[in-house]
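Then let's walk through it together.

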Amino acid sequence: MTRFWWVRHGPTHRKELIGWTDAEADLSDAAGLKWLSGHLPAEAPVISSDLLRCRATAEAILGERALLGHLPELRELHFGDWEGRTPAELAEAEPQLSKQFWTSPGDIALPGGESWNDLSARVTKKVETLCDCYPDQDIIAVAHLGVILSQIQMATGMAASSALGFQIDNLSVTRIDYLGDGAWRVFGVNHRP
């Protein structure tokens, strides 16, 4: 069994969509980071998205753990032309596309960006490779909201619109286990002290 301990990066305090935009994380919650590092398996290697907010969070909880790298495959959804715009602004400017994208995520690609299914396929392919390379191990993966939701969807087989209903707080832990033979188990979602 390979156990993925998904950690959502520290907060950016940004209100606009910042999928592939590099933004710093607020890592001033020393008690939260200490709890998080202590809650995670001490011997587990750490990977993260290559974006700054995930890299910095990974380094803040690393301790004596091995760092396997910062992976572009674990980036957030690429919002394309929507980067830097708020959901409210998009609902007003592009009401039909905005509604379709959020209520029926799947194959709807954003202008200059990617679809939910693109994100899910990208992340799942990397997760499958990690399962092959690190069988029967714990892996701490510091990533983004969309990445973690895509893996909840993949593990459960639920619709993307249902997966988007889960809350994933900054600096929370979501554990998803690969049981082998294509079987997955969601062990816990959005765990915080």
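A quick word on ground rules. This is a predicted model, so local features need pLDDT of at least 70 and side-chain atom pairs count only at pLDDT 80 or more, while totals for chains, interfaces and linings use all residues. Residues are numbered from 1 along each chain as its sequence is written, and side-chain values use heavy atoms, with hydrogens and water left out.

**The fold**

The protein chain has 7 helices and 6 strands. Helices here are DSSP runs of H or I with at least four residues, strands are runs of E with at least two, and both are numbered from the N terminus. Along the principal axes, the C-alpha atoms fill a box of roughly 50 × 40 × 25 Å.

Buried residues make up 48% of the 193 residues. Buried means under 20% relative accessible area, exposed means over 50%, and partly exposed is in between (1.4 Å probe, protein chains only). Now take contacts, meaning heavy atoms within 4.5 Å. Among those between residues at least 6 apart in sequence, 68% join residues at least 24 apart.

Is G19 buried or exposed? At 0% relative accessibility, G19 counts as buried, and its place is in the loop between β1 (2-8) and α1 (30-39). Leaving out residues up to four places away in sequence, G19 touches L51, R53, E76, L77, F79 and E83.

**Salt bridges**

Side chains of opposite charge can pair when their charged atoms come close. A salt bridge needs a side-chain nitrogen of Lys or Arg within 4 Å of a carboxyl oxygen of Asp or Glu. The whole structure has 9 of them, including these:

| Salt bridge | Closest N and O atoms |
|---|---|
| E89 and R85 | 3.2 Å |
| E94 and R85 | 3.6 Å |
| D177 and R175 | 2.9 Å |

R85, E89 and E94 are linked in a network. E89 is partly exposed at 38% relative accessible area, and E94 is partly exposed at 24%. In the other pair, D177 is buried at 0% and R175 is buried at 12%.

**The largest pocket**

How big is the largest pocket? Its volume is about 520 Å³. A pocket is an open set of points on a 1 Å grid over the protein atoms alone, where a 1.4 Å probe fits, with protein on both sides within 12 Å along at least five of seven lines; lining residues have an atom within 4 Å of a point. Grid points are joined across faces, edges and corners, and the volume is the space filled by probe spheres set on the points.

The largest pocket is lined by 25 residues, and R8, L17, E76, F79 and L145 lie nearest its centre. The lining divides into 12 nonpolar, 7 polar and 6 charged residues. Ala, Val, Leu, Ile, Met, Phe, Trp, Tyr, Cys and Pro count as nonpolar, Asp, Glu, Lys and Arg as charged, and the others, Gly among them, as polar. Both α4 (95-103) and α6 (145-156) supply at least two lining residues, and the largest share, 3 residues, comes from α6.
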